[in-house]
Amino acid sequence: SYPEAVTSAVDQLRQSNALPFPVPMMMDPMGSSEWVPNTVIEPFPEEARSAMMQSMAASNPWSLRQVFNFMTLKMKAEEGLTFEDVVEAMDSRAIEENLKRLGPDQIGKEVAAKTGDENTPKLEIHHYCDALVARSILDYSPEFSIFLPCRISVLEDANGDVWLMTLDWDVSWLNFVWHPDSQIDAELKADGKRIRDAMVSIMEAGATGAW
C-alpha cells in the first residue's frame with residue numbers, strides 16, 4: 001500500500017485532471033525489478049518519447065520561458081558588487097564547502113572575441129563537483145551524468161544586474177515519490193541534500209559578496 005500522503009495527492013491529481021496522462025497508468029509501475037548498480041537503462045523508443053513530450057506540451061499552460069524559470073534557482077547579486085566580486089566570493093565559499101571547482105566556461109568573453117562587440121553581456125558557467133557523491137549517484141543512474149557537474153551561471157542581464165542561477169534539484173520532493181525504483185537510500189539522499197545546500201551557500205556568498 002502507498003503512504004496516506006501519496007494516496008491523497010494522487011486522488012487530488014485524478015480529480016483535477018492536472019496530469020497529461022491517466023493517473024491509473026502511474027499506479028501500475030514498470031521496471032521495478034532488481035537492478036545492478038551503474039547499469040544503463042535501455043533507451044526509450046523514439047515514438048514513445050515523442051508521444052509523451054507532445055502530450056505534456058499540449059497540456060502545459062506555461063510558456064517555454066516559464067518552464068525554464070520553474071526549473072531554476074536564482075539570486076540577484078547585491079547592488080555595488082561587480083561581476084568579479086561575485087565570482088571571487090563564490091570561489092572562496094566553494095573551498096569552504098569542500099566542492100572542487102572546474103572551469104569556468106567564459107562564454108561571454110568568447111562571444112565578444114568572435115564578434116568584436118565589447119559590450120557583450122558577461123556570462124560565465126562555473127562547475128562544482130564532489131567526485132565521491134557523483135560516483136554514488138551514477139551507480140543509481142548513469143543517465144544522471146547529463147546533469148554533472150553541478151553548474152552555477154553568473155550572468156549580466158539587460159539592466160546590468162548580475163544574477164546567479166542553477167538547476168534546482170531539491171531532493172526533498174523524493175519524500176512523496178511512489179515508484180519503487182525512486183526509493184533511494186538515506187545516505188544518497190543526505191549526500192544530495194548536502195550538495196544542494198552547498199550550491200545554495202556558494203550562490204549566497206556570490207550574491208552578497210560574503211567571504
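**Note on the α7/α8 packing and selected local features**

1. The crossing of helices α7 and α8 is left-handed, a crossing being left-handed if the near helix is turned anticlockwise from the far one by less than a right angle, and right-handed if clockwise. The model is a predicted one, in which local features need pLDDT of at least 70 and side-chain atom pairs count only at pLDDT 80 or more, whereas totals for chains, interfaces and linings use all residues. Residues are numbered from 1 along each chain as its sequence is written, and side-chain values use heavy atoms, with hydrogens and water left out.

2. The protein chain contains eight helices and five strands, in the order α-α-α-α-β-α-β-α-β-α-β-β-α along the sequence. Helices (H or I, at least four residues) and strands (E, at least two) are DSSP runs, numbered from the N terminus. Of the 211 residues in the chain, 28% are buried, where buried means under 20% relative accessible area, exposed over 50% and partly exposed in between, with a 1.4 Å probe and protein chains only. Among contacts (heavy atoms within 4.5 Å) with a separation of 6 or more, 74% are between residues 24 or more positions apart.

3. The axes of α7 (residues 131–140) and α8 (residues 186–208) come within 10 Å and cross at roughly 130 degrees; axes are lines fitted to C-alpha atoms, for helices over the stretch in contact, and angles run from 0 to 180 degrees between N-to-C directions. The two helices, α7 and α8, are therefore oblique to each other, since angles under 35 degrees count as roughly parallel, over 145 as roughly antiparallel, 65 to 115 as roughly perpendicular and the rest as oblique.

4. On the α7 side the contact involves Val 133, Ser 136, Ile 137 and Tyr 140, which meet Leu 188, Asp 191, Arg 194 and Ile 195 of α8. By class, the residues of this contact are five nonpolar, one polar and two charged, with Ala, Val, Leu, Ile, Met, Phe, Trp, Tyr, Cys and Pro counted as nonpolar, Asp, Glu, Lys and Arg as charged, and the others, Gly among them, as polar.

5. Val 133, Ala 134, Ile 137 and Leu 138 are the buried residues of α7. They cover an arc of only 135 degrees around the axis, which puts them on the same side of α7; the arc is that of the directions from the helix axis to the C-beta atoms. The buried residues of α7 pack against α8.

6. Met 75 belongs to strand β1 (residues 72–76) and counts as buried, at 17% relative accessibility. Leaving aside residues up to four places away in sequence, Met 75 touches Val 162, Trp 163, Leu 164, Val 200, Met 203, Glu 204 and Ala 207. Met 75 and Glu 204 are 129 residues apart in sequence, yet their C-alpha atoms are 7.6 Å apart in space.

7. Two cis peptide bonds deserve a look in the model. The bond from Gly 103 to Pro 104 is cis, with omega near 5 degrees, and Pro 104 lies in strand β2 (residues 100–105). The bond joining Leu 148 and Pro 149 is cis, with omega about -10 degrees, and Pro 149 is in the loop between α7 and β4 (150–156).

8. Asn 38, a residue other than glycine, has a positive phi near 60 degrees; it lies in the loop between α2 (23–26) and α3 (46–59) and is partly exposed, with a relative accessible area of 42%. Asn 98 also has a positive phi, near 60 degrees; Asn 98 is in the loop between α5 (83–96) and β2 and counts as exposed at 61% relative accessibility.
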